[in-house]
Amino acid sequence: MSIRAFILFALIPITSWAQGFAGLGGSAEGFSRPMPRYSFEFPRDHGPHPTYRIEWWYLTANLKDSEGQDYGIQWTLFRSALKPSETDGWQSPQIWMGHAAVTTPDNHYFAERLSRGGVGQAGVTAQPFEAWIDEWHMRGDDLDTLNLTANGADFGYDLDLQAQGSLIFHGDAGYSVKSADGQASYYYSQPFYAVEGTLHLPDRDIEVSGQGWLDREWSSQPLAEDQSGWDWFSLSFDGGDKLMAFRLRGDRGDFTAATWIEPNGHATPLPDGSVALTPLETTRVEQRDVPTRWQVSLPDRGVDVEVSAITSKAWMGTRFEYWEGPVSISGSHEGRGYLEMTGY
Amino acid sequence: MIPPAIQALLSHWRTHPLQLVTLLTGIALATCLWSAVQAINAEARASYKRANAQLAIGQFDELRATGSMIPLSRYAELRRAGWQVAAVLDGSLRVDGRSVRLMGVDMVAYPALPAITQIEQGADAPNPADILTAPGRLLMSPELAPHFQSDDEFPPILTSMALPPDLVLTDIGVAEHLLNRFGQISRLVVLPDQPRDLPPLSDIAPDLQRISPSAQLDTAQLTDSFHLNLSAFGLLSFAVGLFIVHGTVGLAFAQRRGTIRTLRALGLPMRHLIGIVLVELLLLALIGGLFGLGLGYFLAGALLPDVAATLRGLYAAPIDGQMSLRPEWVAAGLSMAIGGTLGASGHALWRLSNMPILTGPGLQAWGGGKTPARITGALGFGLLVAGILAFYAFQGLIGGFALLAGLLTGAALLLPIVLSGVLAFLQKRSNTPVGQWVLADMRAQLPGLSLALMALLLALAANIGVGTMVSSFRLTFTGWLDQRLTSELYLTAADDQQAEFITAWLTPQTSAILPIRSTELTHETGPLFLYGVIDHESYRRNWPLIDEGPDAWDHVLNRGAVLINEQLARRADLWPGDTVAITPRHTLPIAGVYSDYGNPTGQAIVSMSVLDEIAPGTQTRRFGIRITPDRASDLAQALRDRFDLAPSAVVQQTAMKAQSLAIFEKTFVITSALNVLTLGVAGFAILTSLLTLWTQRLPQVAPVWALGLTRAKLARLELLRSVLLAAMTAFLALPLGLILAWVLLAVINVQAFGWRLPMNLFPADWLGLFVLTQIAAFLAAALPAWRLLRLPPAALLRVFANEH
């Protein structure tokens, strides 16, 4: 065990996996709790909410180079509060963690950064918008126009994002329920980014363009105690419709939720049980069996598709490990998207 | 033939058990002291290595500022430029009257630390929130914990075996609070995994220097000379122990000549004989060596805590007082025992192999008897000269030790011829027959006693030499402390603003406030601490300059000159009139050199304005406060209360002095202990020599007794003889000891510690040592004298019956 593992403790005050992935099932004592009918206020809510235990700025993008080759990138900044407060200096209880990855058809590169708040090394400001950790940043005058960079030892990227649509609020106007017990988070997205820029790979730089999807979510106890992980899909169909769907796996059964997003930005929340997410095939990745081919069906909308990982190698070997990578869609609809699987 | 031969040879030890005990003791003593020193050295070195590994020190490059501290904002800038660095804030805490190193690391970014691992794997792993947020936790070794538990001002404690003693590890957020250094960083550790496309350091932080692990201050290097010193002492004890071995083996061979002659006459080939004797010696060496190792292990265990205290005090070297048994140490110790025994017996073996088959059992023919005193004397003189030549040829520590070795062995070998000469001179002057007989008898006894006397000479010389060094040091050091620590209170403020408030508050209450501004620089000889001072008579009057140009202080305070400490002066060979490059852009003339005992690093003093020019923005955090001594205590408390200062932020001069002296006393405990032990070994050597000589005394004493001297008178003369020889040796040891002291003070110490001490003479100590020697000689002769007193006249008469 190392200092890195020590930090894992910092992020997981309750260490047992049975308590949910990354401690997300821990108790929320002393922290604020998401309530229904919250009125979002922007740009304020693009910034951090230190009295909530956990929060993230999560961007994924499906990209192609000039030859039509598929790529995926991930840029995530997590905030985890040891205490529901913020102070200046080293004793700030806010811990920040950055994850970045580039996935090519046959390789996956990732990097991780860790910092605490209070010393200027990492943080988020709402106006002008900037989320940063070390030299990585996601910034722009507002959330509609962003510049995104990250670097690892052998890869990096520099991308420009332009929003083509409005923000999407999941669940009940941004109040997203995560279990039958009522655990919930605030959750909104910007799924309409046009992305353009450069990927730096060990052997070459590649000009790419494509579509990006930003998730914003904060909570203090998003998982129920029996829930140990989730499978999360963000799918963009060639016809312009988009689907966000997740399945939270628990001892007492799975909990699913989804949002159907039309090209004009109209979003329809879909309750537990509307969407069926079924693993079709698992692949042995880093000594774990990870589902890399799925059947996603949403009978209400006539969706019955197979979702396959572009490469099974998209394992994030970070402090808490998970699978996150680009997928391709075939069946009733064609398209591309991103898949995240935790707790395997 | 071989088994009976072995039996015959071994029967000697059965009839002479005391000789066997003496021989084994000699081997054991030689091995014991040598191994003890080796064990201590190995333990200390292992400690340094362990501590470095425990704290991940010396594995990574570091960034340091030319000004003493790195601001927190600079850390954030580096991070935001992509540089993966971890912040460390070092300092010291004073608790229970001892100084403890505090290392505050950014627990989120610092590389793996075994201490953390151990704590988090423990039964009650702490919540990371407790470690990272106020009040935080202090991590320390279990032995240090009791000192902190009684004080409510410190955060709760977590103990870990994986931490060096005298070091407290904590998060940097806790450290800046305890040290009153908010937003400051001592050094940045450059982490191994850096991202691609990193901008060069010179673009983003030109004020920071990147220092590779090899250029960082290395404890092992610093303490090398200290360990060499200890080794030399161990070697000296080894040599003294071997004197005993040499003497006893020689005696045993001489006494076994009859047996050997008979065995050879019966047809035992010389090869077999030598083989048997060699195996016998090997066995004895092994037994004695094992005994010695056992003793050495315990001795090292007993001495180690003091050595540890010394090393911590002098070099802040992390070392714990725990011994562990190392196989390579056992192997080395036994090899030394065997090698030493065979070496010490070589002469006897060689003579055995060359002995004509029918040579009679000569009684006087052992020991140095066959080598004329003139040859040993010449050899001794040669060694003396060689030592001096080596000193000039090699210089430095090696030269110093070569000179010591040459001096000591040369003088020892010269001893018999000098004593013989003195006795001959006295004999000519003596006008009573008894007096002449006693002196002649002593001369005749010299070859048999000379080895023991040589051992005594060495032990006495070492005692005088080391004693003079330690006492000189103590005298100089106490005086130096008085000069150096002139202010009644020393205060460390948290920041400039607090410093201003405190100064304003203090000014009406004190006679003077002396600001001390300092910054850490890097000189080619290692780290260099630069201090800025103001013009005050406290400096002009008291500062301990050992070498100065004209108007040294005027030059420093008004004309941009610099004072440097002795360590820097000697390392870089810079003296008043030379110039020193404080930084690549600042070369200053040297106005004087001051003594700076107990500090391993280089130091320099300039005026405040010069310091500001060299390191702009350096803040004044330390102050010396002059007030009447009886008010110091109250003012210290008032300062702490009013400005909410940590106890370590206000220190009284008296406490500082007491602590420095305590460190000093510890420094030489090990030396004194080894000293006393060597003297003990020498006393033992005299006793064994006299006891073995006793067996040959009767033929010499009997005729004198027959001429009318009573046994009581003879016994008194026996005592007198021993005391007189010891006295003569002691007289000769005095100049040798003083030369030794000079070499230690002027050569070895300069190399080992970087300072040279004035030599003081302590006749009272010599007198004490002289009396001790006389008592030892008296006691050593008491047993033979008592035997003589109780000898039945028939035994004396039998001497004549054996004569033809």
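In the predicted model, B:Asp171 and A:Arg116 form a salt bridge (a side-chain nitrogen of Lys or Arg within 4 Å of a carboxyl oxygen of Asp or Glu), with 2.6 Å between the closest N and O atoms. Four salt bridges are counted between chain B and chain A, along with 14 residue pairs in polar contact, both residues at pLDDT 80 or more. A polar contact is a pair of N or O atoms within 3.5 Å; within protein, one must be able to donate a hydrogen and the other to accept it, and residues adjacent in sequence count only if both atoms are side-chain atoms.

On the side of chain B that touches chain A, helix 3 (72-80), helix 4 (114-121), helix 5 (128-132) and helix 7 (172-178) each supply at least two residues. Helix 3 of chain B gives the largest share, five residues. Contact (heavy atoms within 4.5 Å) involves 34 residues of chain B and 35 residues of chain A.

A:Arg113 is buried, at 5% relative accessible area (buried: under 20%, 1.4 Å probe, protein chains only). The side chain of A:Arg113 makes a polar contact of 2.6 Å with that of A:Glu135, and one of its polar atoms lies 3.5 Å from the backbone oxygen of A:Asn151. Residues touched by A:Arg113, leaving aside those up to four places away in sequence, include B:Gln84 and B:Pro195.

Residues are numbered from 1 along each chain as its sequence is written, and chains are lettered from A and ligands numbered from 1 in the order in which they are written. Local features need pLDDT of at least 70, side-chain atom pairs count only at pLDDT 80 or more, and totals for chains, interfaces and linings use all residues, while side-chain values use heavy atoms, without hydrogens and water.

How values were computed:
Buried < 20%, exposed > 50% of the residue type's maximum accessible area, 1.4 Å probe, protein only. Helix = DSSP H or I, 4+ residues; strand = E, 2+ residues; numbered from the N terminus.
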